[in-house]
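Here is a short note for anyone opening this entry for the first time. Please keep the sequence and the 3D view side by side while reading.

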Amino acid sequence: MNLLRENARMPVAFLARRLGITAQSRLEKLERQGIIEGYSLRLTPSYSENQVQAHLLVTLGPKYTASVQSLLRRIPEVRTIYSVSGNFDMIVMVEACSIKRLDAVIDEVGALDGVERTLSSLFLSTRLNR
């Protein structure tokens, strides 16, 4: 697992030599077991520099989690939804093409039925991305 965390696109032949097994069969087994659920794409920093990313901390009314989550999935700029403990019910990761679009998305999320409050925090830079 650690080898794949270092480089998810590591050549299968290299993995096989390092692990002393047929890497393809091991990867398929990990996928069947649900340990590996997919492979990700990392965008270049030059692409990301043109995107505005933010966390939206969201407070919900009682029993609105499922409906708000369903509505959030329909907003293209919503990348990830986390259910969390503490003062907020969700953290929503948003990526927009501009500050203006991000502002519109924040307004859209805040207007969803069941959303009581949002607090946004813009990403300034990425210090570590594994």
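K63 lies in the loop that links β1 and α5.

1. This is a predicted model. Start with K63. Its phi is near 65°, which is positive although the residue is not glycine. Most residues other than glycine have a negative phi. Is K63 buried or exposed? K63 counts as exposed, because its relative accessibility is 85%, and the cut-off for exposed is over 50%.

2. Next, the largest nonpolar core. It has 19 residues. V58, L72 and V92 have the most contacts inside it. β1, α5, β3 and α6 each supply at least two of its residues. Which element gives the most? That is β1, with five residues.

3. Look at V58 on its own. Setting aside neighbours within four places in sequence, V58 is in contact with F88, D89, M90, V92, V109, V115, R117 and T118.

4. There is also a second, separate core. It has seven residues, among them L3, L15, L30 and I36.

5. Now α6, residues 99-110. This helix has 12 residues and reaches 16 Å from its first C-alpha to its last. That is close to the 16 Å expected at 1.5 Å a residue. L102, V105, I106 and V109 are buried in α6. Why do they sit on the same side of α6? They cover an arc of only 100° around the axis, so they share one side. An α-helix has 3.6 residues a turn, so residues three or four places apart point the same way.

6. What covers those buried residues of α6? The cover includes β1, α5, β3 and β4.

Key: Residues numbered from 1 in each chain as written. Predicted model: local features only at pLDDT ≥ 70, side-chain atom pairs only at ≥ 80, totals over all residues. Heavy atoms only, no water. Helix = DSSP H or I, 4+ residues; strand = E, 2+ residues; numbered from the N terminus. Expected span 1.5 Å × (residues − 1). Buried < 20%, exposed > 50% of the residue type's maximum accessible area, 1.4 Å probe, protein only. Arc of directions from axis to C-beta. Contact = heavy atoms within 4.5 Å. Core = buried A, V, L, I, M, F, W, Y, C linked by side-chain atoms within 4.5 Å.
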